[in-house]
Amino acid sequence: MFKAIIKAETLKSVIYVVSTVVDEAKMTITPDMVRIKAIDPAHIAMLDVSVKKEAFNTYEADEGEIGLDLEKVKAVLKLADSSDDIFLEHDPEQCRLIMRIGNITRRMSLVDTSNMSDPKVPEINIANRIALSADLLKKGIKACESISDYILIDADPERFTLSCQGDTDYASMSVGTADVISIDVPGSIKSMYSLEYFSNIVKVIPDKTEVAVCLDNNFPVKLLFSIAEDNINVVYFLAPRIENE
Amino acid sequence: MFKAIIKAETLKSVIYVVSTVVDEAKMTITPDMVRIKAIDPAHIAMLDVSVKKEAFNTYEADEGEIGLDLEKVKAVLKLADSSDDIFLEHDPEQCRLIMRIGNITRRMSLVDTSNMSDPKVPEINIANRIALSADLLKKGIKACESISDYILIDADPERFTLSCQGDTDYASMSVGTADVISIDVPGSIKSMYSLEYFSNIVKVIPDKTEVAVCLDNNFPVKLLFSIAEDNINVVYFLAPRIENE
Amino acid sequence: MFKAIIKAETLKSVIYVVSTVVDEAKMTITPDMVRIKAIDPAHIAMLDVSVKKEAFNTYEADEGEIGLDLEKVKAVLKLADSSDDIFLEHDPEQCRLIMRIGNITRRMSLVDTSNMSDPKVPEINIANRIALSADLLKKGIKACESISDYILIDADPERFTLSCQGDTDYASMSVGTADVISIDVPGSIKSMYSLEYFSNIVKVIPDKTEVAVCLDNNFPVKLLFSIAEDNINVVYFLAPRIENE
């Protein structure tokens, strides 16, 4: 059983974040939260989204699994204003999800979850952590576009820099401790990532959200952020691009 | 002779409504009104638009016919602000229409009307009638998009429902007597129509316009609405899609 | 040496004007100004833009030449708000231009100027001159679009007219002395130009800019306008289309 009401804006945030990694997603339902773990087809990015029951207006659920076609959900979300309430109900017999927004009812067939693996989210501790506003990350990515396919993140105790080096051209955004929330980086680190993947996830983080960027030399970057008054927690991993030398 | 001045906004409404059915239209001019009757090439939709002389700022006309290329008229309308006055004059010798908006003059060749049939608008009485705001119809259509090619309209004394049933998915907007202006439906009726045709006409009805939807079981739907302070009356018929069983 | 700071809005105006004629441009630097002369590949339009050092916030320069890839510069300009300051520095050793907007740094390789000819801007006096707002020219061009490939400019002491004559259709914008700033045209003149070229340059002139249109019978049209408080002067020539009779 799963029956809940959620603000359209909140559901949109979750769906857009998950869409950066997969087209179909498995929602794992428990009495306390909905969790979506996903890994992209190329195994470069991994996502773990926890939506606590407090993120919903009302929430009633047993244990269960719901397989969502994210494009269909996004089409329904376009019918809602940010402040609209969306009613969600799982109909396991008909294998579908019922969504209601005011006078509108939408019943959609669900995706079979039996073949969807449950990615194991790595338990890794990364000592280096920079906390900053999503806006700043977006600005840096915009500056780096069309120079190269890869983005270099580097940091030291004083600075955080996003940069791209092309054959002849170069772009960067470099900010100091005054521009970010905090830099906890004892030494000097750098690592390179797919610009496209990094850009896709950063672009869907709501403006002004605080994002923690955790990274190490030639190591995955871990992005952590919370939305909906910290009732939704997102952990995103992106594999590094190891340069051949 | 035909010489008139009309507000750009008013002419836009008429031209956009007629454009949903045909690319070229015959305006029949009389001393009291302009009338445009049109039937779409597939003979699924029919339109009858009466523009009373009171819809114009000034109006001088004898009997006559003007064949319009609607794309050309729309291009000229894009040059006008909604509140601009548009001067129209028929030049029968050169077989063209002269349009003036402020300092701009546009002379366009007319389409030959001799081969344009005069569709006979059926005189049918449909007992069931729902009056509601165009906005609500637009919302219902938006909800139904991309589920199926057909839209089902059903009504009873208490409710009016637009819905689409696909192979696995379903969408509907269902409203009660409190949401609409009036429901005059003694029994329970339903009929199915092309979503594309229904959507095309509903989308061009100005927001907040009151629309009367008249229908019967497996019967054409008749939409009636007035614009420009009731000086323009539109009757639109759409053939039903009869389901084979 | 070239090191300067300029308002993003000002640099945008210059780059968009030059882009109507060429994809790559040579900036000729002197201690007092930057000058860009360009001729389009078909030799129909020619441009001479003088950016006085007063158009910059700060300006330090020797003699020099910088070859710009305008698409790259435009991409960087998209990162800036109109009111942002853009820092520019020429690095002749690496043959690149460094642009800085706040925290963003962009280093771009320059285009080789050795093969770029220095077009000779003709010193011609045209007696007929109409001064009017760029907005009015834009409106006239919009009215003429999609009728013909050529635009006829004609003027006499009382009127200034832009018009297009197609096979069957005609469009014009005709304004009198009350609508323009001034008309200094002793007799009656007319000349025809490529609508596309004329439209391209007029569209990038900032709204409300005063433009002087100088022309004669079957003669190039010369457009003169200034931006950035008259610290940037633009002279644009467009060859006439001589009608074969």
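Visitor: Which residues does Thr105(A) touch, not counting residues up to four places away in sequence?

Guide: A contact means heavy atoms within 4.5 Å. In this predicted model, Thr105(A) touches Ile98(A), Met99(A) and Arg100(A), and also Tyr170(B), Ala171(B) and Ser172(B), with residues up to four places away in sequence not counted. Helices (H or I, at least four residues) and strands (E, at least two) are DSSP runs, numbered from the N terminus.

Visitor: Is Thr105(A) buried or exposed?

Guide: Buried means under 20% relative accessible area, exposed means over 50%, and partly exposed is in between, with a 1.4 Å probe and protein chains only. Thr105(A) has a relative accessible area of 13%, so it is buried.

Visitor: On what basis are such values given?

Guide: Residues are numbered from 1 along each chain as its sequence is written, while chains are lettered from A and ligands numbered from 1 in the order in which they are written. Because the model is predicted, local features need pLDDT of at least 70 and side-chain atom pairs count only at pLDDT 80 or more, whereas totals for chains, interfaces and linings use all residues; side-chain values use heavy atoms, with hydrogens and water left out.

Visitor: How many helices and strands does chain A have, and what is its radius of gyration?

Guide: Chain A has four helices and 18 strands. The radius of gyration is taken over C-alpha atoms, and the globule rule is 2.2 Å times the number of residues to the power 0.38. For 245 residues a compact globule would have a value near 18 Å, and the 19 Å of chain A agrees with this. The C-alpha trace of chain A spans about 55 × 35 × 30 Å along its principal axes.

Visitor: What share of chain A is buried, and what share of its contacts join residues at least 24 apart?

Guide: Of the 245 residues in chain A, 53% are buried. Among contacts in chain A between residues at least 6 apart in sequence, 66% join residues at least 24 apart.

Visitor: Which backbone nitrogen atoms does the side chain of Asp156(B) reach?

Guide: A polar contact is a pair of N or O atoms within 3.5 Å; within protein, one must be able to donate a hydrogen and the other to accept it, and residues adjacent in sequence count only if both atoms are side-chain atoms. The side chain of Asp156(B) reaches the backbone nitrogen of Glu158(B) at 2.8 Å and the backbone nitrogen of Arg159(B) at 2.8 Å. Asp156(B) is in the loop between strand E11 (150-155) and strand E12 (159-165) of chain B, and at 28% relative accessibility Asp156(B) counts as partly exposed.

Visitor: What does the side chain of Asn128(B) approach?

Guide: A polar atom of the Asn128(B) side chain lies 3.1 Å from the backbone oxygen of Leu215(B). Asn128(B) is in the loop between strand E9 (104-109) and strand E10 (129-133) of chain B. At 5% relative accessibility, Asn128(B) counts as buried. Residues touched by Asn128(B) include Asp184(B), Ile189(B) and Val213(B).

Visitor: Which residues of helix H4 of chain B are buried?

Guide: They are Leu195(B), Tyr197(B), Phe198(B), Ser199(B), Ile201(B) and Val202(B). At the start of H4(B), a side-chain oxygen of Ser194(B) reaches to within 3.4 Å of the backbone nitrogen of Glu196(B).

Visitor: What is the phi of Asn218(C), and what is that of Ala228(C)?

Guide: Asn218(C) has a positive phi of about 45° although it is not a glycine, and Ala228(C), also not a glycine, has a positive phi of about 55°. Asn218(C) lies in the loop between strand E16 (210-214) and strand E17 (221-227) of chain C. Ala228(C) is in the loop between E17 and strand E18 (232-238) of chain C.
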